[in-house]
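Try each task with the structure open, then compare your steps with the worked solution.

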Amino acid sequence: MAAGAALIGIILGSLVLLFVGLIFLLILYVYSAFTLMTIAKKTKTEHAWFAWVPFLNIYLVTKIGKVSAFTLLVFLIMFVPYLNILASPIMLGMMIYWFWKVCDARGKPGVLSLVLFVPIL
């Protein structure tokens, strides 16, 4: 009987942890979408609501920074098995470049894009 109670406790604890993690991710998503939408409005970029739609928000970053949308092809390579290993460092560099241009569009120093290297926690 004690083993069954322990198993139920482990399962319930795991579900609570999963629920808390999902709530944290939802809060993080809402915060990042809201900030991207605010930046788009301040730079007068059309379709600021793209910030709330997955994949379109990445397109919005390229539009805010006035970067060619052609660079999104590297992002698509991230979904191809084995090629994603090669594309990962390239994608990181491109994201830093995109956010550098976003900082420039807002009149902020581009060095702020290096904050991408700082972990959240």
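**Exercise 1. Find which residues of α2 meet which residues of α4, and describe how the two helices pack.**

Step 1. List the contacts, meaning heavy atoms within 4.5 Å. On the α2 side are Ile58, Val61, Thr62 and Ile64, and they meet Trp98, Phe99, Val102 and Ala105 in α4. Helices here are DSSP runs (H or I, at least four residues), numbered from the N terminus.

Step 2. Keep the basis in mind. This is a predicted model, in which local features need pLDDT of at least 70 and side-chain atom pairs count only at pLDDT 80 or more, while totals for chains, interfaces and linings use all residues. Residues are numbered from 1 along each chain as its sequence is written, and side-chain values use heavy atoms, with hydrogens and water left out.

Step 3. Take the geometry. Two packed helices are described by the angle between their axes and the distance between the axes. Axes are lines fitted to C-alpha atoms, for helices over the stretch in contact, and angles run from 0 to 180 degrees between N-to-C directions. For α2 and α4 the angle is about 55° and the axes are 8 Å apart. That makes α2 oblique to α4; angles under 35 degrees count as roughly parallel, over 145 as roughly antiparallel, 65 to 115 as roughly perpendicular and the rest as oblique.

Step 4. The crossing of α2 with α4 is left-handed, which means that the near helix is turned anticlockwise from the far one by less than a right angle; clockwise would be right-handed.

**Exercise 2. Work out how α1 and α2 pack, and which residues make the contact.**

Step 1. The axes of α1 and α2 come within 10 Å and cross at roughly 30°. This makes α1 roughly parallel to α2.

Step 2. From α1 the contact uses Leu36, Ile39 and Ala40, and from α2 it uses Asn57, Leu60, Val61 and Ile64. The crossing is left-handed.

Step 3. Look at α1 as a whole. This helix has 41 residues and reaches 60 Å from its first C-alpha to its last, close to the 60 Å expected at 1.5 Å a residue. The expected span is 1.5 Å times one less than the number of residues.

Step 4. Check burial, where buried means under 20% relative accessible area, exposed over 50% and partly exposed in between (1.4 Å probe, protein chains only). In α1 the buried residues are Ala33, Leu36, Met37 and Ala40, and what covers them includes α2. In α2 the buried residues are Asn57, Ile58, Leu60, Val61, Thr62 and Ile64, and they pack against α1, α3 and α4.

**Exercise 3. Which residues have the most contacts inside the largest nonpolar core?**

Step 1. Apply the definition: a nonpolar core is a set of buried Ala, Val, Leu, Ile, Met, Phe, Trp, Tyr and Cys residues joined through side-chain atoms within 4.5 Å.

Step 2. The largest such core has 18 residues, and Leu36, Leu60, Ile64 and Trp98 have the most contacts inside it. α1 (2-42), α2 (56-64), α3 (72-77) and α4 (83-105) each give two or more residues to this core.

Step 3. Zoom in on Leu36. Not counting residues up to four places away in sequence, Leu36 touches Ala51, Asn57, Leu60, Val61 and Ile64.

**Exercise 4. Is Phe75 buried or exposed, and what does Phe75 contact?**

Step 1. Phe75 lies in helix α3. Because its relative accessible area is 17%, Phe75 is buried.

Step 2. Leaving aside neighbours within four places in sequence, Phe75 is in contact with Phe55, Ile58 and Met91. Phe75 and Met91 are 16 residues apart in sequence and 6.5 Å apart in space, C-alpha to C-alpha.

**Exercise 5. Locate His47 and Tyr82, and give the phi and exposure of each.**

Step 1. Start from the background: most residues other than glycine have a negative phi.

Step 2. His47, in the loop between α1 and α2, has a positive phi of about 65° although it is not a glycine. With a relative accessible area of 40%, His47 is partly exposed.

Step 3. Tyr82 is found in the loop between α3 and α4. Its phi is positive, about 75°, although Tyr82 is not a glycine. At 71% relative accessible area, Tyr82 is exposed.
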